[in-house]
Amino acid sequence: MDEMQVQQQLTQMQNFILQEAEDKAVEIKAKAMEDFSIEKARLVQAEKLRLIKEYERKEKLIETQKKTAYSNELNQSRIKVLKARDEALQRIVSDTQRRLAEIAQSPEYKGILQRLITQGMTRLMEPKVQVVCRQEDKAIVESVLRDAAEDYHKRTGQKADLSVHPTLSLPPAPSSSNKGASCAGGVILSALDGKIICKNTLDARLELAVEQRLPEIRVALFGKSKTRVHFD
């Protein structure tokens, strides 16, 4: 084999090696592009899923915040309504308390005092009872003690020693000059040296009436509740 042939073979071998190298390079590049595309698609999909979850999380958070804000606003509105209703009710009770004082100025007050005393005695059922009243009512109370005791005897068949308490008295009637405690009228009955009492003042009767009839009063003032299911 002469030198020219050797050179041709070397050239052919070089060309073959170069071609193989180029083919391999193309294959590697194609594989790399394919891997890149797959990884890119995976990363894009992962980011999409992350963004979707983040959006859903924020959307739920916003929805929760809206519900919380609405609930708080609704509760505040209910509190304001309840407060306004309670204030209106208290104004009515206060006005009624002021008007109670008018009863003590009426001709019927003497009979009312007698019935309050008899009622208190019936509750106590004690042989000795003292009556605590306002200073301005003392004369009226003393004038009805005998009739009250007789009425008590008719009702129960029992007798009782009934008298006005010598030292204790109820506060005076409410007025513009009276800045302290006040009492619209009525009596408190005491037995066993004050160990048991029966509070039968006009103020106490009003308080009891409001407490017992409060549901009816609320309905009369504000109508039936749309959210209440059970009514007594």
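Mentor: This is a predicted model, in which local features need pLDDT of at least 70, side-chain atom pairs count only at pLDDT 80 or more, and totals for chains, interfaces and linings use all residues. Residues are numbered from 1 along each chain as its sequence is written, and side-chain values use heavy atoms, with hydrogens and water left out.

Trainee: How many disulfides does the structure hold?

Mentor: A disulfide is a pair of cysteine sulfur atoms within 2.5 Å. The sulfur of Cys 133 has its closest cysteine sulfur in Cys 183, 9.6 Å away and therefore too far for a bond, and the sulfur of Cys 198 is 13 Å from its closest one, also in Cys 183, which is again too far. The number of disulfides in the structure is 0.

Trainee: Is Cys 133 buried or exposed?

Mentor: Buried means under 20% relative accessible area, exposed over 50%, and partly exposed in between, with a 1.4 Å probe and protein chains only. Cys 133 has a relative accessible area of 3%, so Cys 133 is buried.

Trainee: At what angle do helix α1 and helix α4 pack?

Mentor: Helices are DSSP runs (H or I, at least four residues), numbered from the N terminus. Axes are lines fitted to C-alpha atoms over the stretch in contact (heavy atoms within 4.5 Å), and angles run from 0 to 180 degrees between N-to-C directions. The axes of α1 (residues 3-103) and α4 (residues 202-222) lie 11 Å apart, and the angle is about 140 degrees.

Notes
Helix = DSSP H or I, 4+ residues; strand = E, 2+ residues; numbered from the N terminus.
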